[in-house]
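Here is a guided walk through one protein chain. Please keep the sequence and the 3D view side by side as you read.

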Amino acid sequence: MRLLPVFPVLAFIASGAAAQIPSGAPLRDGLPTFAPILEKVTPAVVNIAVLQRSPEEQNPLMRDPFFRRFFGGPGQSEPQIAAGSGVIVDAKNGYVMTNAHVVKDAREVLVTLKDNRRLPAKLVGVDPGTDIAVVRVDPQNLVDVKFGDSDALQVGDFVIAIGNPFGLGQTATSGIVSALGRSGLSMEGYEHFIQTDASINPGNSGGALVNLRGELVGINTAIIGPAGGNVGIGFAVPVVMARAVMEQLVKFGEVKRGRLGISMTDVVGGEGATVAEVQADSPAAKAGLRKADVVTGLNGRPVRGAAELRARLGVVPVGETVELQIQRGAEKHTIKAQIAAIESGGGGGEAVQELAGAVFQEVSKSGLPGRSRAVLVTAVKPESPAYRHGLRPGDLIIGVNAQRVSSIKELTGALKRRGGVQLNVLRGDNMLTIPVS
């Protein structure tokens, strides 16, 4: 059996397999039907067309008149048009939720409603870490979908996916929740996806995943399949996480991530997240969290595993207090901790040729995985090679190709090795793998 690549989702279409009708479904003329659910929800699902910057505009060299003299002036390379889906989640204020990769590099965004109205949209904010973005349209005569509780989902629950597959127009498919808490599909690491066999295909990124009450439980994001086609393995961002991201994007224009100051692993043979290390002077240490504690809940919600806890902590704003339910031996405790800002190191440090645009500094931090020394990214210039690779200020580089590095000299030497290089990065409480070509 071969695991096929993960492709960004840009659409939905019905699969060849007949969907099973759940008991208790609405009836029409004595026959089960999803029509009443779709009649309520589909006006809130939109098509999103994006006019992207042309390759010339994205190339910093082409902004220089000297280079344009030799390689051609602007206008010779046409802007690209991409399409996806979105969900109106706040009709009063005109907020539409979609995927970050749908509106990436957008010059203009156009939203088309089910009634064929076309509305220009303004980008509110983008969070590549969760692949969630928010755009805003003129809030006139809009219909929104109500938020559901994705934490209440169970494997086997029926769900309906709605979007715009292959530009065919609005399409609905049905299936079940195939699995919960899926992770490891992106380098950012802020993920605990809902997996579903409701058909998802290119063209439906940002579409709605709803339950049989017509409530939004997920934003469809990715698939595993040959050449981007559907094979019944699709993924959606749980709405509990997507909504937390949206609230920050609306308020700040970005997600202000912080840190609790722990590393964590899955519980062997059970649910929860085991605390592997606690960083000294971190919010976790100050709150009394200890190594080997098992976190079973966050803010009253159960925690299934380490990936879920990392993802949910990753959308908690800096300064907010979280309540952790923990198991310590035979005892249960509730611990409150305030999320702190990720330390940036003040911007000073050294440059590394292979990661141009970033500045690095050697630091020592108790509680890091392995040795306590690491290389801190203190600054990253936007649109630089280091930024495009995915490095951000505050990242701690602790290894290269799973081999520990604790100094800039070791980092530089590791980057000169032949073959593919992957940086092992600690960002807040998340361990990421960032490929460097």
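**A walk through the chain**

At 52% relative accessibility, A292 counts as exposed. Here exposed means over 50% relative accessible area, buried means under 20%, and partly exposed lies in between (1.4 Å probe, protein chains only). A292 sits in the loop between α5 (283-287) and β19 (294-298). Its phi is near 85°, a positive value in a residue other than glycine.

This is a predicted model: local features need pLDDT of at least 70, side-chain atom pairs count only at pLDDT 80 or more, and totals for chains, interfaces and linings use all residues. Residues are numbered from 1 along each chain as its sequence is written, and side-chain values use heavy atoms, with hydrogens and water left out.

D131 is also not a glycine, and it has a positive phi of about 60°. Its place is the loop between β8 (118-127) and β9 (132-136). D131 counts as buried, at 14% relative accessibility.

Now step back to the whole chain. It has eight helices and 30 strands. Helices (H or I, at least four residues) and strands (E, at least two) are DSSP runs, numbered from the N terminus. Of the 437 residues, 48% count as buried. Take the contacts in the chain with a separation of 6 or more: residues 24 or more positions apart account for 61% of them. A contact means heavy atoms within 4.5 Å.

Next comes helix α8, residues 408-415. Its buried residues are I408, L411, A414 and L415. Seen down the axis of α8, these buried residues fall within an arc of 125°, so they line one face of the helix. The arc is that of the directions from the helix axis to the C-beta atoms. An α-helix has 3.6 residues a turn, so residues three or four places apart point the same way. What covers the buried residues of α8? The cover includes β24 (350-351), β25 (358-364), β26 (373-380), β27 (396-400) and β29 (421-427).

Strand β25 holds F360. F360 is buried, with a relative accessible area of 0%. G394 lies 34 residues away along the chain, and the C-alpha atoms of F360 and G394 are separated by 9.8 Å.

On a 1 Å grid over the protein atoms alone, a cavity is a set of points where a 1.4 Å probe fits but cannot get out; a pocket is an open set with protein on both sides within 12 Å along at least five of seven lines; lining residues have an atom within 4 Å of a point. The largest cavity has a volume of about 100 Å³. Grid points are joined across faces, edges and corners, and a volume is the space filled by probe spheres set on the points. There are three cavities of 30 Å³ or more.

The second largest pocket has a volume of about 500 Å³. It is lined by 17 residues, of which V240, A244, E247, N299 and V315 lie nearest its centre. Helix α4 (residues 239-252) gives the largest share of this lining, seven residues.

Strands β17 (residues 262-266) and β18 (residues 273-278) pair in the antiparallel sense over five bridges. Two strands pair if DSSP finds at least two bridges between them. I262 stands opposite V278 in β18. Six residues lie between β17 and β18, and G269 in the turn has a positive phi of about 75°.
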